[in-house]
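Please find below some remarks on the structure, arranged as numbered points.

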Amino acid sequence: ASFGQAKAPEPDYTLSFNASVVTDYRYRGISQSRLKPAVQGGLDFAHKNGFYLGAWGSTIKWIKDSGATDGNVEIDLYGGFKGELAKGVAFDVGMLRYEYVSNKLGAVSGYANANTTELYGALTYGVVTAKYSQSLSNLFGNINSKNSQYLDLSPTFDLGSGMTLTPHVGRQLVNNNPNYHYTDYSITLAKDLGNGLSASAMLVDTNAKSSSYTWGGKYVGKSGAVVGLKYSF
């Protein structure tokens with residue numbers, strides 16, 4: 001006679017960590033690290049009811065490149081709730097705080113403090129995710145830019161053998177600062193290497209104005225390729 005093995009109960013929550021290195025830290029198409037490598041890491045708490053919290057950090061260069069005396073690290077703090085609206089339709093809503101440690105950007109003429117808070121909401125249907133973000137504060141040091149908006153669309157295709165392909169297009173609107181409006185495009189190929197390791201390669205471009213997005217002598221919205229290696233545990 002054979003007996004079925006009882007299924008292990010689902011844990012109430014999970015706690016995970018990650019560490020990575022990238023050849024360039026691009027966010028919404030714009031380099032945060034002056035087209036140079038960055039070291040990154042984070043942790044995530046997720047409850048089975050859909051509630052989650054997390055923190056993530058990266059080395060950066062753009063704040064000091066803008067003339068500030070300090071601001072080499074970005075720490076993102078976020079929390080939200082995920083669930084299903086209907087069969088096959090998932091949602092994700094939350095708040096994200098970008099904290100630029102000890103940044104002095106507000107002391108530089110023409111800039112506000114870099115710290116930024118956003119609300120976001122996303123819907124996923126099949127392989128496609130659409131996400132909308134709106135700032136509750138000035139956006140990334142832009143003066144009088146509260147209520148700036150970012151909208152992006154990203155389908156994710158499973159290619160098999162642990163590989164995924166993710167095209168992306170996004171539109172950044174910076175309130176009261178039209179010279180900082182732009183669209184970004186990217187396509188990312190990722191590979192699960194096993195044992196918590198994954199690798200990615202991304203092609204990225206924007207139509208951001210070089211007059212608005214040149215920091216440290218570099219146009220940080222230029223087209224480029226980014227390679228990354230990540231360890232999750």
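1. Is Ser-31 buried or exposed? Because its relative accessibility is 0%, Ser-31 counts as buried (under 20% relative accessible area, with exposed over 50% and partly exposed in between; 1.4 Å probe, protein chains only). The model is predicted: local features need pLDDT of at least 70, side-chain atom pairs count only at pLDDT 80 or more, and totals for chains, interfaces and linings use all residues. Numbering runs from 1 along each chain as its sequence is written, and side-chain values use heavy atoms, leaving out hydrogens and water.

2. Ser-31 lies in strand E3 (residues 30–31); strands are DSSP runs of at least two residues, and helices (H or I) of at least four. Its side chain makes a polar contact with the side chain of Asp-24 at 2.7 Å (a pair of N or O atoms within 3.5 Å, one able to donate a hydrogen and the other to accept it; residues adjacent in sequence count only if both atoms are side-chain atoms). The Ser-31 side chain also reaches the backbone nitrogen of Leu-35 at 2.8 Å.

3. Leaving aside neighbours within four places in sequence, Tyr-100 is in contact (heavy atoms within 4.5 Å) with residues including Trp-62, Val-73 and Phe-140.

4. Tyr-13 is found in strand E1. With 49% relative accessibility, Tyr-13 counts as partly exposed.
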